[in-house]
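This report describes one protein chain, going from its overall size to a single residue. Please keep the sequence and the structure in view while reading.

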Amino acid sequence: MRKEAAALGTTVFLLVAPGSVVVLLPWWLTGWRAGDWWPPLRALGLVPLAAGAVVLLSAYVRFVVEGLGTPAPVAPPEHLVVGGLYRYVRNPMYVAVVAAIAGQGLLLARPVLFGYAACAGSAMWAFAKWYEEPALTRRFGADYTRYRQAVPGWWPRLRPWRGG
């Protein structure tokens, strides 16, 4: 896949998938109406929200530049993506999405978003475990197996993985 096509596909997927999970559904659950928590506590929500957005965008760029594909299962990357944040954790996009939703929960003082973050995280874990990991093993074989053994799925390593 050419980088231009990968960039377009990745952008569309970013708007549809994480856009729905991080923007549309939280809006549907809260109407963006804020609760009445202590303002400094609410302001702390900006940290995971902003970090989640940066990590998500960085991971999507990595799919285009390194993988020559998209995160979408219908247009997977040609190359195994193991650079950047993927040297620390196998699922930075999923971790970022959960962080962004939790950040919204704090920022809006809406506990429903913490429950939603837990449900979304569980769904992403199941998808990664039962679809992505077997699909990546079939597609990339021993390279993915080595990567999977060295890099944790959900809790980042302290030092970057140097393999690959």
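## Overall size

The radius of gyration is taken over C-alpha atoms, and the globule rule used for comparison is 2.2 Å times the number of residues to the power 0.38. With 164 residues, a compact globule would have a radius of gyration near 15 Å, and the protein chain has 17 Å, which agrees. Along its principal axes, the C-alpha trace spans about 50 × 35 × 25 Å.

This is a predicted model, in which local features need pLDDT of at least 70 and side-chain atom pairs count only at pLDDT 80 or more, while totals for chains, interfaces and linings use all residues. Residues are numbered from 1 along each chain as its sequence is written, and side-chain values use heavy atoms, with hydrogens and water left out.

## Helices and contacts

The protein chain has five helices and zero strands, where helices (H or I, at least four residues) and strands (E, at least two) are DSSP runs numbered from the N terminus. Among contacts (heavy atoms within 4.5 Å) between residues at least 6 apart in sequence, 72% join residues at least 24 apart.

Where does N91 lie? The place of N91 is in the loop between α3 (46-65) and α4 (92-108), and N91 is buried, because its relative accessible area is 8%. Leaving aside residues up to four places away in sequence, N91 touches A128, E132, G153 and W154.

Technical notes
Buried < 20%, exposed > 50% of the residue type's maximum accessible area, 1.4 Å probe, protein only.
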